Amino acid sequence: MATPTSTTAPVKPPTDAAQEEQTSALQDDGRERAAAKVSVRDLDFFYGRAQALHKISLDVSSQIVMAFIGPSGCGKSTFLRTLNRMNDTIPGTRVEGSVQIDGQDVYAPGTDVVELRRRVGMVFQKSNPFPKSIFDNVAYGLRINKLTSGKSELNDRVEEALTNAALWPEVKDRLKASALSLSGGQQQRLCIARALAVRPEVILMDEPASALDPMATQKIEELIVELKRQFTIIIVTHNMQQAARVSDKTAFFWLGKLVEVNSTERMFTNPNEKLTEDYITGRFG
Amino acid sequence: MQNLQPNIPTPATTHGASARAWNWRRTFAPTGNTGDTVFRLALFGAAFFLMLVVLVMIGAMAVNSLPSLRQFGFGFLTSRVWSPISGDFGALPFIYGTIVSSLLALLISVPLSLGIAIFLVEQAPRGVARPVGFLVELLAAIPSVVYGLWGIFVLAPFLREWIEPFLARWFGWLPLFRGNVTGIGLFTGGIILAIMITPIITAVVRDVLAAVPVSQREAALALGATKWETTRVVLNNGAPGIAGAIILGLGRAIGETMAVTMVIGNRAQISASLFEPAYTIASVLANEFTEATGELYLSALIELGLILFLVTFTVNGAARLLVWSVAHRAGGGAVGRA
Amino acid sequence: MTSDSQIKSAANHRRTASSVMTTLTAICAFFAVTILALIIGYIALRGLSAISFQFLTDTPKPVGEGGGIGNAILGSLVLLLLASVIGLPFGIAVGVYLAEFGDGRFASVVRFVTDTLTGVPSIVIGVFVYTIIVLPMRQFSAFAGGIALAIVMIPIVARTTEEMIRLVPTSLREGALALGAPQWKVTTGVVLPAAASGIATGAMLAVARVSGETAPLLFTAFGSRFFNVYLDQPIASLTVQIYNYAISPYDEWHAMAWAATLVLMTLILAINITVRFFTRKKI
């Protein structure tokens, strides 16, 4: 099972000295990969002819928060979107390499993308509630996936999701109100609740707080820390303090390459790479 | 124009005059340059003249329909008799024909147009969507009289030989599909109208769907929605605009003249059967206007024209407002990518 | 709680529904294109077999004696020319007004009425022109027909002009204003030339649109069996001629209707395809 059958190139030992240490734990060891929740090997990504990602290899274990940092345009959002194949929706893009979730190859032919996206939820940079009621927004994924049998179970799951997203006390009396009547921060938490409702295993967050004020941001960050007990969370952020506050591990991207993956603490105190240190201490970018 | 909102004080641009009083200088010569003033007045004049034309349009038709209005009053709309010989004029058969043919057209065209628009915006790869979109637009460029010609010599015989006997056989228990199968009548009129309004509805729905932010599609996809379920989210977003598009199509169907006149049979009657000949407001104008002898006859026809104007103006106005409301709301735009 | 197998079967069902709907929309598009092909195919087939040089240059004759559409082609050109001379400057002026001074309440009314006017049936415009021109003049005339077509044209031209002018970047405008040019010079010397190609294509499409109009001509220009260029006389047009031939009971005239349609459609398709080719963008 270790050898993916799809477009994967054979996994070569990394030659780049810079990646020596981090990749030493990522040798092509089947057991090692299977243990990871999300496992990526030699991922290349192209927009038309332009290569946006170069040979990314990365493991994310269960129930942690992993943050992706890096200057804008470094490919961190693009990479995030390869994990649930959201990039499929952009014409002219191409992926090479392998992405496994729970040991299953995401890009294997015959993969059920719809099922994949149910298991790998996503929260976007700009909140995007549907122009429906608060309740209907959260219930949407449950309804289309037919995940509940009966009205009461649906109500319970909606309440559970809104509670998990720390939104329940604020909206419980107006579930029928339009989602668009909520404040920006509430709308983003609603989108998180909507993603949580289908009980995904992994949640991808693409700069979820970038459009919010500091108070709303703080709420989202508290929520992320809370959620990692149940979910594996991968968050893209351009805010290094945010990464330091919420994540257990951090990955630093630069010009479409993964420079370093490390525990967040180590990353922000004593990174392995000179490049990482330069970025973190604000010497560029 | 500021002169029409005198209650809103403007920054002090006037020379000592009260900000509330209208001042032609503020409206037409804010820059103080003579060329600018002339330019402004000329353009304003053109716009004003167009409004005047519309007002005169309503006025002239109203004045000329006075004899008929006096003679028949409100009963004009409810009388079924249209007899130039006895001088009795009632508009009901034309109103009926117009409504039924337009509704039939919508019934066929709405699902078809939605399907095409969804295909073009949501499903087809760009290399297919562009040429197909252009071909559908070309349908709108074909003149009404050409549709009529094609309707008489191609569509009507086809419906008479194939479709109408089929409907009469299997759905003949409905009064709608009883009667003589001639190929000329309400049914053919409705179908030719459906073909004609399809590119119009499609074009508007296409714009409406394209204006729905990408983030809405991504939200649905990320929750595990299928392509069709995602499309339904998009449709939901564009619902008011789609309603506007449909009403716009209705307006066009109501006023469509030549093609309908050529295939609907032109008989002022009200029949339950779609296969029977009928008459629309626009077709009676096309057919009888030049032959109208006598003041009352002409006046009744002009009153029909006025009714047609007021109805289509209202319908189109409502549709425009709906479409605008969507265009203004959809300021969301696509999500940026790092 | 729903079991995994239930989710799986629901997922299969959903996938099937999705592909069925996808296929249906493709069928809708295919259907529309087929109709277009059928219409154009018939016109080409029936039209080509009846067309000749004599047909293009002759005047109509009684049944059985041949005849042609020369006077109708000339009449259509006269009417289009008249409509363009009146409608284009007028429509462009209204469009410039909407784009340059279009923020007030009166301008909103103008924009709304203009938009709505594009949806008013052209036969109503014929009725209107009849009441204000034909009745007082006591005669059908080319002049009345040209005015009717111009009124159809104005709102279309006005709205495309406005849209095209709004596409001109603000920086261009500000650059000229900052040099101390008065606004009218900026608009006529900088903005309008920048938008010219867009306005021209809009104008061409408007001409294509009115060249197919029949209803507003029925009781304004009326029709004529002779060559005519006098504006106070009734005048023939291709569309009215097609109509008269089409509803006649004679096969010979039906063939002429198809041939005349071929001429008309060639003109209209040529304009549309040219515009498409030059702009490569939807107007």
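A:K55 lies in strand β2 of chain A. Strands (E, at least two residues) and helices (H or I, at least four) are DSSP runs numbered from the N terminus. The model is predicted: local features need pLDDT of at least 70 and side-chain atom pairs pLDDT 80 or more, while totals for chains, interfaces and linings use all residues. Residues are numbered from 1 along each chain as its sequence is written, chains are lettered from A and ligands numbered from 1 in the order written, and side-chain values use heavy atoms, without hydrogens or water.

**Backbone of chain A**

A:K55 is not a glycine, yet its phi is positive, at about 45°. A:L255 is not a glycine either, and its phi is also positive, at about 50°. Most residues other than glycine have a negative phi. A:L255 sits in the loop between β9 (249-254) and β10 (257-263) of chain A.

**Chains A and B**

Chain A holds 12 helices and 10 strands. Chain B holds 13 helices and two strands. Burial (under 20% relative accessible area, with exposed over 50% and partly exposed in between, for a 1.4 Å probe and protein chains only) applies to 57% of the 285 residues of chain A. In chain B, 57% of the 338 residues are buried.

Contact means heavy atoms within 4.5 Å. In chain A, take the contacts between residues at least 6 apart in sequence: 67% of them join residues at least 24 apart. For chain B, contacts with a separation of 6 or more include 70% between residues 24 or more positions apart.

**Selected residues**

| Residue | Relative accessibility | Class |
|---|---|---|
| A:K55 | 37% | partly exposed |
| A:L255 | 57% | exposed |
| A:I64 | 13% | buried |
| B:N287 | 19% | buried |
| B:E303 | 6% | buried |

A:I64 is placed in the loop between β2 (50-60) and β3 (65-69) of chain A. Beyond residues up to four places away in sequence, A:I64 touches A:K228, A:F231, A:T232, A:I233, A:D248 and A:K249. From A:I64 to A:V123 the chain runs 59 residues, and their C-alpha atoms are 17 Å apart.

**Two helix pairs**

In chain A, the axes of helices α8 (residues 184-197) and α9 (residues 214-227) come within 9 Å and cross at roughly 20°. Axes are lines fitted to C-alpha atoms, for helices over the stretch in contact, with angles from 0 to 180 degrees between N-to-C directions. α8(A) and α9(A) are therefore roughly parallel to each other. Angles under 35 degrees count as roughly parallel, over 145 as roughly antiparallel, 65 to 115 as roughly perpendicular and the rest as oblique. The crossing of α8(A) and α9(A) is right-handed. Right-handed means that the near helix is turned clockwise from the far one by less than a right angle, and left-handed means anticlockwise.

From α8(A), the residues A:G185, A:Q188, A:R189, A:I192 and A:L196 meet A:A216, A:K219, A:I220, A:L223 and A:L227 of α9(A). This contact of α8(A) with α9(A) has six nonpolar, two polar and two charged residues. Ala, Val, Leu, Ile, Met, Phe, Trp, Tyr, Cys and Pro count as nonpolar, Asp, Glu, Lys and Arg as charged, and the others, Gly among them, as polar. In an α-helix there are 3.6 residues a turn, so residues three or four places apart point the same way.

In chain C, helices α3 (residues 70-101) and α4 (residues 105-117) have axes that come within 10 Å and cross at roughly 140°. That makes α3(C) oblique to α4(C). The crossing of α3(C) and α4(C) is left-handed. C:V94, C:Y97, C:L98 and C:F101 of α3(C) meet C:F106, C:A107, C:V110 and C:R111 of α4(C). The contact of α3(C) with α4(C) counts seven nonpolar residues, no polar and one charged.

B:N287 is in helix α12 (residues 281-288) of chain B. Which side chain makes a polar contact with that of B:N287? It is the side chain of C:Y243, at 3.3 Å. A polar contact is a pair of N or O atoms within 3.5 Å; within protein, one must be able to donate a hydrogen and the other to accept it, and residues adjacent in sequence count only if both atoms are side-chain atoms.

B:E303 lies in helix α13 (residues 295-329) of chain B. With neighbours within four places in sequence left aside, B:E303 contacts B:S65, B:S68, B:L69 and B:F76. The C-alpha atoms of B:E303 and B:F72 are 11 Å apart, across 231 residues of chain.

Helix α9 (residues 227-237) of chain B is mostly covered, with eight of its 11 residues buried. Those buried in α9(B) are B:W228, B:E229, B:T230, B:T231, B:V233, B:V234, B:L235 and B:N237.
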